[in-house]
Amino acid sequence: MSATPVPVDIPLPLPAPEPVLVAVLVGFFIMHIAFVNFMVGGTFLTLWYELKGLKERRYDKLAYAISSTITANKSIAVVLGVGPLLAINTLYTVYFYTANALTGFAWISIIPLVITAFLLTYAHKYFWHRMDNAKGLHLALITFASLIFLFVPLIFLTNITLMLYPDKWAGVHGFFSALTLPFIWPRYAHFLLACPAMTGLLMVWLFRRGSDEDIAATGFERAELLRKGYRWALWPTVLQFAVGPLALLTLPAVPGSTASVTIVFGISIVVSAIMCLLMFAETRRGGDKIGSSFGAVCTLMAIVILLMGGGRHLYREAAVSEHRELVKERTNEYMREVDAARAATAAQDGGK
């Protein structure tokens with residue numbers, strides 16, 4: 001730890017009790033990331049089905065139905081992201097802002113990138129029928145938006161991961177330098193797989209409640225649409241049984257105890273396995289039965305997300321616990337020096 005930078009913290013009281021800020025951070029982050037998954041996954045699935053629609057028209061209609069959710073989920077994700085952003089700024093000020101500084105240009109670029117992606121998704125949605133005879137351009141809009149949605153979460157993930165490892169800061173010289181850290185990519189793969197999985201459940205919800213006229217407009221039977229949604233939810237989740245443990249095992253050792261983290265993630269694996277069995281059973285059911293376990297599947301998914309969010313916070317605390325004490329000591333020492341300098345200045349002024 002001797003070679004690790006130990007900056008001075010801002011000696012200001014927290015704006016709210018720490019447990020409240022932790023609840024805001026974890027709770028609102030869970031809601032935020034769910035709608036980010038819906039937004040990103042919806043963009044990917046829209047692109048996928050619109051490409052298939054070039055050969056079979058009904059897939060284009062399905063892509064249109066899914067695309068209608070993107071802008072709404074975008075707005076909710078942005079609003080829900082304010083809470084965890086403010087909370088992480090106050091609870092982990094030194095760590096969050098250091099990571100921001102180390103990835104400076106990429107971090108600042110989030111603003112124009114997000115604005116561009118949002119404008120592209122709006123144009124793609126509202127000019128859909130007007131661009132029927134310009135499919136190449138229309139596909140270019142959603143492709144470009146998808147690429148931006150691939151890049152922006154990578155910036156966020158790199159920042160919130162880099163902030164946990166002060167011993168790595170001296171070796172990082174910009175965003176692309178941070179990407180060479182081996183534990184970034186498994187976590188990114190874990191996020192990417194969650195996007196179609198969550199959007200698959202959104203598809204089931206959307207087409208379970210849709211009117212007969214809306215379902216007929218897609219050119220598919222309701223049961224077929226529900227089955228497609230469950231498959232999107234199921235198979236990426238199955239892949240998470242390999243990617244999730246890999247993401248956890250590739251994380252560096254941290255000073256604090258991570259036993260509770262292992263327990264939480266172990267429970268999430270068991271719950272995920274039960275959820276996958278239910279989703280697989282759903283895909284095998286007939287048209288009159290499919291969707292009957294949707295409430296149970298969503299409940300299990302909510303439990304998994306809650307466990308993952310809680311586990312992330314426990315790991316974050318374990319990662320910075322020892323370094324936080326060093327920062328506290330350094331800050332106290334700095335404030336003593338400030339007080340001494342003020343007293344010396346006051347004495348000099350009094351002697352004149």
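A charge is said to sit over a ring if NZ of Lys or CZ of Arg is within 6 Å of the ring centre and within 35 degrees of the ring normal. In this predicted model, the charged end of Arg-58 meets that description over the ring of Tyr-59, at 5.8 Å from its centre. The protein has twelve helices and zero strands, and 48% of its 352 residues count as buried.

**Overall fold**

- Read along the sequence, the protein follows the pattern α-α-α-α-α-α-α-α-α-α-α-α.
- Its C-alpha atoms fill a box of roughly 90 × 45 × 35 Å, taken along the principal axes.
- Among contacts in the protein with a separation of 6 or more, 80% involve residues 24 or more positions apart.

**Helix H5**

- Helix H5 covers residues 104–126, which makes 23 residues.
- From its first C-alpha to its last, H5 reaches 34 Å, close to the 33 Å expected at 1.5 Å a residue.
- H5 bends by about 35° at Ile-110, and the proline Pro-112 follows within four residues.

**Nonpolar cores**

- In soluble globular proteins, nonpolar side chains tend to be buried together.
- The largest nonpolar core in this model has 55 residues, and those with the most contacts inside it are Tyr-92, Tyr-95, Leu-162, Met-163 and Tyr-315.
- H6 gives the most to this core, with nine residues.
- A second, separate core has 40 residues, including Ile-30, Tyr-49, Trp-128 and Ile-290.
- Tyr-95, one of the residues with the most contacts in the largest core, touches Met-163, Pro-166, Trp-169, Val-320, His-323, Arg-324 and Val-327, not counting residues up to four places away in sequence.

**Aromatic rings**

- How many aromatic pairs does a search of the whole structure find? The search finds 15.
- A pair of aromatic rings is described by the distance of the centres and the angle of the planes.
- The rings of Phe-118 and Phe-149 have their centres 6.4 Å apart and their planes at 50°, so the pair is tilted.
- Phe-118 lies in helix H5 and Phe-149 in helix H6, so this pair ties together parts that are 31 residues apart in sequence.
- Phe-118 and Phe-149 are both buried.
- Phe-151 and Phe-175 form an edge-to-face pair, with 5.7 Å from centre to centre and 90° between the planes.
- This second pair links distant parts of the chain, with Phe-151 in helix H6 and Phe-175 in helix H7, 24 residues apart.
- Is Phe-175 buried or exposed? Phe-175 counts as buried because its relative accessibility is 5%, whereas Phe-151, at 28%, counts as partly exposed.

**The surroundings of Tyr-59**

- Ring pairs link Tyr-59 with Tyr-49, Phe-220 and Trp-232 into a cluster.
- The charged end of Lys-52 sits over the ring of Tyr-59, 4.3 Å from its centre.
- The ring of Tyr-59 therefore has the charged end of Lys-52 over it, as well as that of Arg-58, within the 6 Å that the definition requires.

Notes:
Residues numbered from 1 in each chain as written. Predicted model: local features only at pLDDT ≥ 70, side-chain atom pairs only at ≥ 80, totals over all residues. Heavy atoms only, no water. Helix = DSSP H or I, 4+ residues; strand = E, 2+ residues; numbered from the N terminus. Expected span 1.5 Å × (residues − 1). Bend = angle between axes of the 7 residues up to and from the residue. Core = buried A, V, L, I, M, F, W, Y, C linked by side-chain atoms within 4.5 Å. Buried < 20%, exposed > 50% of the residue type's maximum accessible area, 1.4 Å probe, protein only. Contact = heavy atoms within 4.5 Å. Phe/Tyr/Trp six-rings, centres within 6.5 Å; stacked < 30°, edge-to-face > 60°.
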